Amino acid sequence: ACSSSASPNRQTQATMVTADMFNGAVENLVHMAASKLDQAVDYENDRLDEKIKKLESMDDDDLERLRERRLQELQRKAQQMQMNRIKGHGEYREVSDTKQFFQECKESDRVCVHFMRGTTWRCQIMDKHLKILAPKHLETKFISVDGEKNPFLSEKLRITMLPSLVLIKNGKTDHTIIGFDEMGGDDDFPTENLEWLLHSRGMVDGDMAAPESPRSRAKKVTVATKSLRQTYASDSDDDYEW
């Protein structure tokens, strides 16, 4: 009987110790995070101070040389953007010829290729986002290829599901975004999610932050063995095209 009455006290004590340990751990983590933040702020302040001192120590000739370098850099970027426009950057368009596809990939360092089917709903969603990104990121070429009409390219690039967005760097496949899972898994994912994903893969430039509320409800895609060329009864009822 004594053993039975003492047991709850021991359990309460153990619970209190566990709570104290947890609170202590949380407090330690807060202090560590604050310390790291202070270190990062100090580092950035030191860098800023160094830049200010460097600028203050410059004479007129140094400042003129700095302005000249920056002007040359701006001119170089403007020329590159103009060349990219000539190569088809700045617009999202379909490429239907195999020879043209290889030429498009050869002449541009970064190419996003959307393997799609025109009547597939989720391919139309991807089209919408790429039409927004193409004129915004002239450093990258955005094109589409009909996967059904180009079985050779689909097989060569191992396309098994539509939509698939193939990321090509310097003529080589770097990554393939299959479906919408990497953007959050929902049909209504914001363009910023795709843009950030492309930025994280080095496909687009710019200073941008990760989406504040990234979608995490990734849908599980059931692997099927249907052929890419198989006819489907209803595009709107299929999660993705296989």
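Predicted model: local features only at pLDDT ≥ 70, side-chain atom pairs only at ≥ 80, totals over all residues.
View 1. Residues are numbered from 1 along each chain as its sequence is written, and side-chain values use heavy atoms, leaving out hydrogens and water. The axes of α4 (residues 121-136) and α6 (residues 191-200) cross at roughly 60 degrees and come within 10 Å. Helices here are DSSP runs of H or I with at least four residues, strands are E runs of at least two, and both are numbered from the N terminus. Axes are lines fitted to C-alpha atoms over the stretch in contact, with angles from 0 to 180 degrees between N-to-C directions.

**View 2. Here is where α4 meets α6.** From α4 come Met 126, His 129, Leu 130, Ile 132, Leu 133 and Lys 136; from α6 come Thr 191, Leu 194, Glu 195 and Leu 198. Contact means heavy atoms within 4.5 Å. By class, this contact has six nonpolar, two polar and two charged residues.

View 3. A cis peptide bond, with omega of about 0 degrees, links Leu 162 to Pro 163. Arg 158 lies in the loop between α5 and β4 too. Although not a glycine, Arg 158 has a positive phi of about 60 degrees. Most peptide bonds are trans, and most residues other than glycine have a negative phi.

Definitions and conventions:
Nonpolar A, V, L, I, M, F, W, Y, C, P; charged D, E, K, R; others polar.
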